[in-house]
Amino acid sequence: MKKSKLGYLFVLPATLHLALFALFPLAYSVYISFYKWNLLTSTKEWMGLANYAYAFQDSLFWRAMGNSLRYAALSVPMGMVAGLLVAVLVNQRLRGMAAFRTLFYIPAISSGVAISMLWIYMYLPQTGFINSVLGAIGIDNRTDFLQNEGTAMFALAFMSVWVGLGPKMVLYLAGLLSIPASLYEAADLDGATKARAFFRITLPMLAPTSFFVLITSTIGAIQVFTPVYIMTKGGPRESTEVVGYHLYVEAWSKFLIGIASAKSFVLLLVIVALSIVQFRLMRRQLEGHAVS
Amino acid sequence: MNSRHQRRAFAPHPVWAALAVLAFGGGCQPGPSQSTPILRVADWGGVADDNAFSKTVNRLQRRFEEQNPGTKLRFENAPGEYVPKMILNFVAGAGPDVMSVDASSAAVFINNGQLRDLRPFMAADPSFRPEDFWPNVMSVGAREKAIYTIPGDFTPMVLYYNKRLFDRARVPYPSGPMNFDQFLDLAKRLTLRDAKGNVTQYGFKFANWMPMWILFLWNNGGDVLSADGAHAGGALDSEENAQAIRYLVDLVRTHKVAPDLSQTAATGVDPFATGTAAMMISGHWELPGFETNPKVKVSDLGVTSVPSNLPQPVTVYYAKSFGIPTQSRSPEAAWKYLRYVTSREFQTEYQSTGIAVCGRKDVAAALGQDPLNRAFQRLIPSARAPWGAKVVGYDFVEQEGVKMMQSALLGAPPREALQQMAERVDAYFRVR
């Protein structure tokens, strides 16, 4: 009994923090989602489900949702492949590898605003780094990546790969280190090539890690805000107006706090639904591997 | 029973309060002792690039503390997203004692009851004379008989021109108001090309910034909202506005007398400030930057009215005023500070930095000896307040304006782009 009391005492600060800064705001925003309120007035008008009805009928909200999914579809696979490749590279036993691992992680702990500003300059037509490289190899270097509807979303997703490389690398590295060396020794004895070992041992053994990375990356991608806010403001022509930025505009430009809250819960439903789909697909895949 | 019922908000809420504490470092706080209250002053200014400007401001603020022993000033600057940050502060019950109010967002605070009516303070202070201030700027904070803000300074938007670039193109300086056709002709003559056809000097710097290009709508007889500010449909989607937008798009795309947005992005610099565009529309706040600009000096600059197809050009003014929030814990001390920053003594020294046109007529007149300041002051009678001074949520209208212009620049028919914008604005106005 005494032991359990001590346990409760240990988790109390974290529980309080969670309750005050996560659960209470969450519950409060559910409450707000049924009202019309602009924050500054002393009264709130009861709207029932009208804010939710508005959310479902708002074409721009669904366009923003589609943009978020497009961003996730671009950034998550690229990020996972890059994270895995870098993890495999830094898993080599070479001198100075710890320094490389640190370098890859630095973007993840840097300011999102600073990184976004840096990439604005990277993407500048003619004078930007990317266009300079393209120009040096004879490719047209006047593309304004962030002002072009065809390239703006890809430019944001590409940047996110670089930013998210570190955390994905760490997760995959942990996964790689947990694969028993005996599996590779057995494959070696059987004459398997490195590539074959990678595809038949490494990738299947990393499936749980990949699943975790997929879920967390997808959720993170759908919630993206900072680079859009800093780099494109949702443009050009709303081609990068993702749902996180859309909610920000609803709340802080239009002061439609009730509608913004309702829309954020619709977003929550979408994320939960996506996660369930991913869980089911992954479970089926894992069960398939277990059987084979 | 009505299905829609009213409920009182339980603001200030602890969560909002906690967030505001994180953002602003706490609410009104006692000073080192009960006898030295801290007067919290909110402003959008950040760290100034201009060191001389910062020194002047600091010196003036220290003087207030010296003249009012026992009162300490605490500045809570929120550069960027000033309005949302202030709103969050108010929701938390941690509003400042004095706040700067921008004309373009004054309605958010005044119409939602966050500022005190200053008439009781004025009545108790016979030395305060409303007639010392420009009446049209004073009107930003006026609602019927109530007065919520006192002007600090302001600027009408003007057409700047670079005399050196005019000389280079052998074009005479503008001598008075010009219509759109004359402006286009001028911009064409100022656009210079090298032997290969590459532009070496543009006639005009175009920016997709609604406070700038709204002037072309106004000066073609159009407007963004209906006269009462209640809706955009029927006003924004007018033929006059479509013509004005088409005219602006043509400046960039057809006549190529202004760099397009990609070209501006390509250089990463302001074409007017670097001496590659001969004209731009902006406010007085640009001038301090030219004091230290190696490429364009203040002496290179001339100022005239914006192009207009109307008998009398119209412009907009952006003003900085001061108000006392209803949440102020020290309204008397706040009024004393407000009187100080709008005083002749303060403003004479403050405006010597060249930041804007003084809201006080006497100080403005004294500084009007300078030809540039005189040119600004000539335009004051034709300047009207931005819509945001009276309409809550105008910030959103300006954001939609940027999107609309972006669409038009990318090839959308101006009338359609304007209609889409009007629909969105009205949809927002219906639910705000």
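Predicted model: local features only at pLDDT ≥ 70, side-chain atom pairs only at ≥ 80, totals over all residues.
**Entry 1: a rule before I start**

Two strands count as a pair if DSSP finds at least two bridges between them.

I stayed with E13(B), which covers residues 315-323.

Next I looked up strand E7 (residues 149-156) of chain B. Seven bridges link E7(B) to E13(B), and the two run antiparallel. I found B:Thr155 opposite B:Tyr318 of E13(B).

Then came strand E4 (residues 98-102) of chain B, which pairs with E13(B) over four bridges, again in the antiparallel sense. In this pairing B:Val101 has B:Ser321 as its bridge partner.

A reminder to myself: strands in a sheet pair through backbone hydrogen bonds, and the pairing can be parallel or antiparallel.

**Entry 2: is E13 of chain B buried or exposed?**

How many of the nine residues of E13(B) are buried? I counted nine of the nine, so this strand is largely enclosed by the rest of the structure.

I then asked which residues sit on each side of E13(B). One side has B:Thr315, B:Tyr317, B:Ala319, B:Ser321 and B:Gly323, while the other has B:Val316, B:Tyr318, B:Lys320 and B:Phe322. Both faces are covered.

**Entry 3: a three-stranded sheet in chain B**

I moved on to an open sheet of three strands in chain B, in the order E11-E8-E12, with antiparallel pairing. Its edge strands are E11 (279-282) and E12 (301-304) of chain B, each pairing on one side only. Neighbouring strands here are turned by 30° against each other on average, if direction is ignored.

I zoomed in on E8 (residues 158-162) of chain B, which pairs with E12(B) over four antiparallel bridges.

**Entry 4: one helix of chain A, two faces**

For a helix, I picked H5 (residues 112-122) of chain A. Its buried residues are A:Ile115, A:Trp119 and A:Ile120. Why are they on the same side of H5(A)? They cover an arc of only 145° around the axis, which places them together on that side. The face turned away from the buried side carries the exposed residues A:Val113, A:Ala114 and A:Tyr121.

I also checked what the buried residues of H5(A) pack against: helix H4 (97-109), H7 and helix H11 (226-232) of chain A.

**Entry 5: the largest nonpolar core**

Helix H7 (residues 152-177) of chain A turned up again here. The largest nonpolar core has 173 residues, and those touching the most other members are A:Leu156, B:Val98, B:Phe204, B:Val224, B:Leu251 and B:Met279. H7(A) gives the most to this core, with 11 residues.

I followed up B:Leu251. Apart from neighbours within four places in sequence, B:Leu251 is in contact with B:Leu184, B:Ala187, B:Phe204, B:Phe206, B:Val257 and B:Ala258.

**Entry 6: where the chains touch**

I found 30 residues of chain B in contact with 32 residues of chain A. On the chain B side, strand E1 (6-8) and helices H3 (82-91), H11 (261-267), H17 (394-409) and H18 (414-431) each give two or more residues. Which element gives the most? H17(B) does, with six residues. That side of chain B divides into 13 nonpolar, 11 polar and six charged residues.

**Entry 7: each chain as a whole**

Chain A has 13 helices and two strands. Of its 292 residues, 33% are buried. Its C-alpha atoms fill a box of roughly 75 × 70 × 35 Å along the principal axes. Taking contacts in chain A between residues at least 6 apart in sequence, I noted that 68% join residues at least 24 apart.

Chain B has 18 helices and 15 strands, and 44% of its 432 residues count as buried. For its contacts with a separation of 6 or more, 76% are between residues 24 or more positions apart.

Technical notes. Residues numbered from 1 in each chain as written. Chains lettered and ligands numbered in written order. Contact = placed C-beta atoms within 7 Å. Nonpolar A, V, L, I, M, F, W, Y, C, P; charged D, E, K, R; others polar. Axes fitted to C-alpha atoms, helices over the stretch in contact; angles between N-to-C directions. Core = buried A, V, L, I, M, F, W, Y, C linked by C-beta atoms within 7 Å. Buried ≥ 20, exposed ≤ 12 C-beta atoms within 10 Å, placed from the backbone. Arc of directions from axis to C-beta.
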